[in-house]
Every structure is written in C-alpha cells, then in structure tokens.
Amino acid sequence: MSELILALISAALINNLVLHQGLAIDPLLHTRPEQRRRQVHALGLSTLLLLVMATGLGQLLHRLALRPLQLEYLYLIMFLVLSVLLITPVLKLLTRLLPALPFAGLPPLLLSNLALMGLSLQANAGDHGVTQILGWSVACGLGFWLALSLFADLRQRSDNDDIPTVFRGLPIELIGAGVMALAFLGFNGLLTS
C-alpha cells in the first residue's frame, strides 16, 4: 500500500506532466487576468476529470476492441476522437455541478492540452493494469492542477512586486516554472529512501 501511495505522489510531484515532462504548459500561459483564480480551478478540475475518463476509457477500448482485432496501430486516432468527444459532456457535467466556476471558455484549452495525449501514450507504452492507469491519471491530474495553481500564484505575485521591465511577463514566469520544477525534483530523494 505504501508503494502505491509513493507512486501516486511521484506521479503528481516528481514526474509532473507540466514541470518535469513539459507537457500541457500551454494552458498555463492562457489564463485571463480577470478570472485567473477561478479559471485555474475550473481548468484543473476539468483536466483532472478528462484525464481520468479519457485514459480509462481509452485503455478499455484498446484492450477490449483494438487489441483483439489486431488494430493496435489505430490507438492514437481512437484516443484523439475519444478525447474530443468527452470534452463537451465533461464540461456540461461540471457546469451543472459547479456553476460558480467558469467552464465556458475551456474547450480550446482542453483540446490543445497535451497532458491527455502524453499520459495516454505513456500508459499505452507499458503493460499496466487499468486500475493502475486510473490511479496514475488521478495523480497526474492533481499534479497538473497543483502546477496550475502555483503558476497562478506566481503570476499574481509577479504583477505586484518590483520586477525589472526586462523580466516582466513571460520571462519571469518561465524562470519561476524552472524553479518550481527544481523544487518538485527535490522530492525525488525523499521518496526513494
């Protein structure tokens, strides 16, 4: 049981999809200033739910339909179609459950989110069980949400502090993302011992 918990913490922090693997950094750069905090939580929650549903259903379809029919080479196309088809129902469900969060402008960000594709390809590369992949997708979704929240805090602090004009905006945000990646990588020694 402790190995499972360590693996989930490792997927969320050490092997973070955004900071360590460089996937899904695009949504970090497209948050609107007027709804930053609420939009970050809406994007994090919708990405988490979409990661779990798309990766789980993608693996089930791969194992139950594509592999028996020897059509494994169609996995990428099947997963892309599945991800696109799941975005609207997930956002409608979340809008119904949490009307206070702004889910309206998220379909373009979710369509261009490489966390879905990266996680599905990583899950397909290994021979993992479906429950293990679901746990991995939950941990990766939580790690994505954490990175998004930390990045929004960094943006808020960088707007208020005295930063030289050369570093304002994207440069200080990318420097901060690098520092966050190094901080998350510091958990590597903690979890292996």
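1. In this predicted model, the side chains of Gln59 and Tyr75 are joined by a polar contact of 3.2 Å.

2. Once its neighbours within four places in sequence are set aside, Gln59 is in contact with Tyr75, Ser120, Ala123, Asn124 and Ile133. Gln59 is classed as buried because its relative accessibility is 1%, and the cut-off for that class is under 20%.

3. Which residues have the most contacts inside the largest nonpolar core? They are Leu50, Phe103, Leu106 and Leu110, within a core that has 29 residues.

4. The database annotation can be set beside the model. An unreviewed UniProt entry lists residues 40-61, 73-94, 100-121, 133-152 and 172-191 under "transmembrane region". In the model, the span 40-61 is 100% helix and 0% strand, with its end C-alpha atoms 31 Å apart. For residues 73-94 the corresponding distance between the end C-alpha atoms is 33 Å, and that span is 91% helix and 0% strand.

5. How many salt bridges does a search of the whole structure find? The search finds 1 salt bridge, and Arg67 forms a salt bridge with Glu72 in which the closest N and O atoms are 3.2 Å apart. Arg67 counts as partly exposed because its relative accessible area is 37%, and Glu72 is likewise partly exposed, with a relative accessible area of 40%.

6. Is Lys92 buried or exposed? Lys92, which is found in helix H3, is exposed, because its relative accessible area is 55% and the exposed class is over 50%. Between Lys92 and Ala104 the C-alpha to C-alpha distance is 9.3 Å, with the two residues 12 apart in sequence.

How values were computed
Residues numbered from 1 in each chain as written. Predicted model: local features only at pLDDT ≥ 70, side-chain atom pairs only at ≥ 80, totals over all residues. Heavy atoms only, no water. Buried < 20%, exposed > 50% of the residue type's maximum accessible area, 1.4 Å probe, protein only. Polar contact = N/O pair within 3.5 Å; in protein donor to acceptor, adjacent residues only side chain to side chain. Contact = heavy atoms within 4.5 Å. Core = buried A, V, L, I, M, F, W, Y, C linked by side-chain atoms within 4.5 Å. UniProt positions renumbered as here; feature names shortened; annotations may be inferred. Helix = DSSP H or I, 4+ residues; strand = E, 2+ residues; numbered from the N terminus. Salt bridge = Lys/Arg side-chain N within 4 Å of Asp/Glu carboxyl O.
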